[in-house]
Amino acid sequence: MRTTLLLSLLVLVPVLLWFVARALPDTTHHAAERVFATDVATLRQVLDAVENQPRWRRDIAHVEVSGDEWTETDARGRVLRFRWTERSDDRYRLVFEDDRGLQGTWTAAWTPTPEGLRLRVEERITLRHPWSRLMARVFFDPDAFLAAWFEDLEAELSRKATTNG
């Protein structure tokens, strides 16, 4: 009886998780914004210099740039490919992907405020594989990721303001 119950659970739980994973939407949308005491030129200088990200982003170990494309290797060794699709006076947009079925878009738009610049970042992330969608929801917090990115950016903008470059 116990063996039958245990075997039933060993089969039933993964099957239920599979159905849950398949029911999750493959694309999620996340957004955050913050006001920075900076100007457009300084913000664009930091965002344009993607090769410098390992210096100011806590999660990036290495960046290789080739024109409007680059790869980032994060602290865990995961490699993402990026490509600029828009760089206008008030908005930047890029696409990204990896070899595991993750792809998405990242958009940053800014507007002047009396305090400096209001920066809004939006990410759309698509995970093709159902297990990846389930694991991402369990182990990855996109809001915390964006908050950490904003903190790192704020520190870099402050450093630029005090060192003038």
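## Strands E5 and E6

Strand E5 (residues 91–97) runs antiparallel to strand E6 (residues 102–113), the two being joined over 7 bridges. Phenylalanine 96 has glycine 104 in E6 as its bridge partner. Strands here are DSSP runs of E, at least two residues long, and helices are runs of H or I with at least four, both numbered from the N terminus; two strands pair if DSSP finds at least two bridges between them.

This is a predicted model, so local features need pLDDT of at least 70 and side-chain atom pairs 80 or more, while totals for chains, interfaces and linings use all residues. Residues are numbered from 1 along each chain as its sequence is written, and side-chain values use heavy atoms, leaving out hydrogens and water.

## The whole sheet

Zooming out, 7 strands make an open, antiparallel sheet, ordered E1-E7-E6-E5-E4-E3-E2. Strand E1 (27–36) and strand E2 (60–66) are the edges, each pairing on one side only.

## Aromatic pairs

There are 10 aromatic pairs in the structure (Phe, Tyr or six-membered Trp rings with centres within 6.5 Å; planes under 30 degrees apart are stacked, over 60 edge-to-face, the rest tilted). Tryptophan 70 and tryptophan 84 form a tilted one, with ring centres 5.1 Å apart and planes at 50°. Tryptophan 70 is buried at 4% relative accessible area (buried is under 20%, exposed over 50%, partly exposed in between, with a 1.4 Å probe and protein chains only), and tryptophan 84 is buried at 9%.

Tyrosine 92 and tryptophan 110 sit edge-to-face, because their planes are at 75°, with centres 5.1 Å apart. Tyrosine 92 is buried at 0%, and tryptophan 110 at 3%.
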